[in-house]
Amino acid sequence: MNLVFQYTTMIPSFLFRLLVIFLLGNTLLMGQTKPSQPLPLTAKEVKALGYGNMSFRQKKTDVWQLANGITVYSSRPYGGHICGFAGPTPVFIAVNAKGKITGIVPAPNGETENYFSYLHEDKFFNSWNGMTLKEAAQYEPDAISGAAYSSEVVKERVKVAASRLINKK
């Protein structure tokens with residue numbers, strides 16, 4: 001009887017330890033800072049930025065030049081530790097020759113489209129239009145009701161990318 005009691009009290013302890021190990025491992029994997037594969041800019045994002053069917057070329061990894069001189073940066077290399085519910089949520093940031101942001105659109109990600117549709121409807125991605133990268137790195141837009149977590153993740157992604165891009169110039 002004593003032996004049975006020992007094993008039954010050890011099982012919950014073992015399961016609890018296993019759960020803690022799993023959760024810690026998952027947290028470490030989600031918070032990894034190693035950049036993922038480069039994200040290609042596509043005609044879909046160029047159109048979403050408001051440039052229709054404009055041609056573009058890749059200047060280097062995560063940087064593209066549109067035919068009108070606008071430079072588009074991917075936030076992918078910056079802020080890899082900033083994740084939504086379904087992992088990284090990178091954005092594309094379009095900047096004109098004067099250093100002003102002309103548009104921000106989400107890059108492909110695993111987030112639920114419904115939440116990002118709230119951000120589009122409320123023109124959240126337009127919040128940074130006309131700002132310099134320095135201004136964008138400090139800007140704190142209000143979160144969007146119904147998509148507060150997604151708003152925060154995008155805001156942090158833009159802030160980190162903008163501050164890193166300032167230092168690269």
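Leaving aside its neighbours within four places in sequence, Ile70 touches Tyr51, Trp64, Gln65, Ala94, Val95, Asn96 and Thr102, where a contact means heavy atoms within 4.5 Å. Ile70 sits in the loop between S2 and strand S3 (71-74), and helices (H or I, at least four residues) and strands (E, at least two) are here DSSP runs, numbered from the N terminus. Ile70 is buried, with a relative accessible area of 7%; buried means under 20% relative accessible area, exposed over 50%, and partly exposed in between, with a 1.4 Å probe and protein chains only. Between Ile70 and Tyr51, which are 19 residues apart in sequence, the C-alpha to C-alpha distance is 9.7 Å.

The coordinates belong to a predicted model, in which local features need pLDDT of at least 70 and side-chain atom pairs count only at pLDDT 80 or more, whereas totals for chains, interfaces and linings use all residues. Residues are numbered from 1 along each chain as its sequence is written, and side-chain values use heavy atoms, with hydrogens and water left out. The predictor's confidence in each residue, pLDDT, runs from 0 to 100; its mean over the chain is 82, and 78% of the residues reach 70 or more. Over residues 22-35, however, pLDDT stays under 50, and for this stretch the model has 9 contacts beyond four places in sequence.

The chain as a whole contains 5 helices and 7 strands, which follow one another along the sequence as α-α-β-β-β-β-β-β-β-α-α-α. Of its 169 residues, 38% are buried. Among the contacts with a separation of 6 or more, 53% are between residues 24 or more positions apart.

Within the part of the pattern made of strands, the loop between strand S1 (56-60) and strand S2 (63-66) holds Asp62. Asp62 has a positive phi of about 70° although it is not a glycine, and it is buried, with a relative accessible area of 5%. Most residues other than glycine have a negative phi. Lys123 belongs to the loop between H3 and helix H4 (133-138), and at 54% relative accessibility it counts as exposed.

The loop between H3 and H4 also contains Asn126, which at 40% relative accessibility counts as partly exposed. Although Asn126 and Ile101 are 25 residues apart along the chain, their C-alpha atoms are separated by 9.4 Å.

Outside the four places on either side of it in sequence, Tyr139 is in contact with Ser127, Trp128, Met131, Lys155 and Lys159. Its C-alpha lies 9.2 Å from that of Val158, a residue 19 positions away in sequence.

Helix H5 (residues 148-168) has 21 residues and reaches 30 Å from its first C-alpha to its last, close to the 30 Å expected at 1.5 Å a residue, the expected span being 1.5 Å times one less than the number of residues. The buried residues of H5 include Ser150, Val153, Lys155, Arg157, Val158, Lys159 and Leu165. Ala148, also in helix H5, counts as partly exposed at 41% relative accessibility. Ala148 and Tyr115 are 33 residues apart in sequence, yet 8.8 Å apart in space, C-alpha to C-alpha.

The last topic is the largest pocket, which holds about 340 Å³ of space. On a 1 Å grid over the protein atoms alone, a pocket is an open set of points where a 1.4 Å probe fits, with protein on both sides within 12 Å along at least five of seven lines, and lining residues have an atom within 4 Å of a point. Grid points are joined across faces, edges and corners, and a volume is the space filled by probe spheres set on the points. Of the 14 residues that line the largest pocket, the closest to its centre are Lys44, Pro106, Ala107, Glu113 and His120. Helix H2 (43-51), strand S7 (101-106) and helix H3 (113-121) each supply at least two residues of this lining, and the largest share, 4 residues, comes from H3. By class, the lining has 6 nonpolar, 4 polar and 4 charged residues, where Ala, Val, Leu, Ile, Met, Phe, Trp, Tyr, Cys and Pro count as nonpolar, Asp, Glu, Lys and Arg as charged, and the others, Gly among them, as polar.
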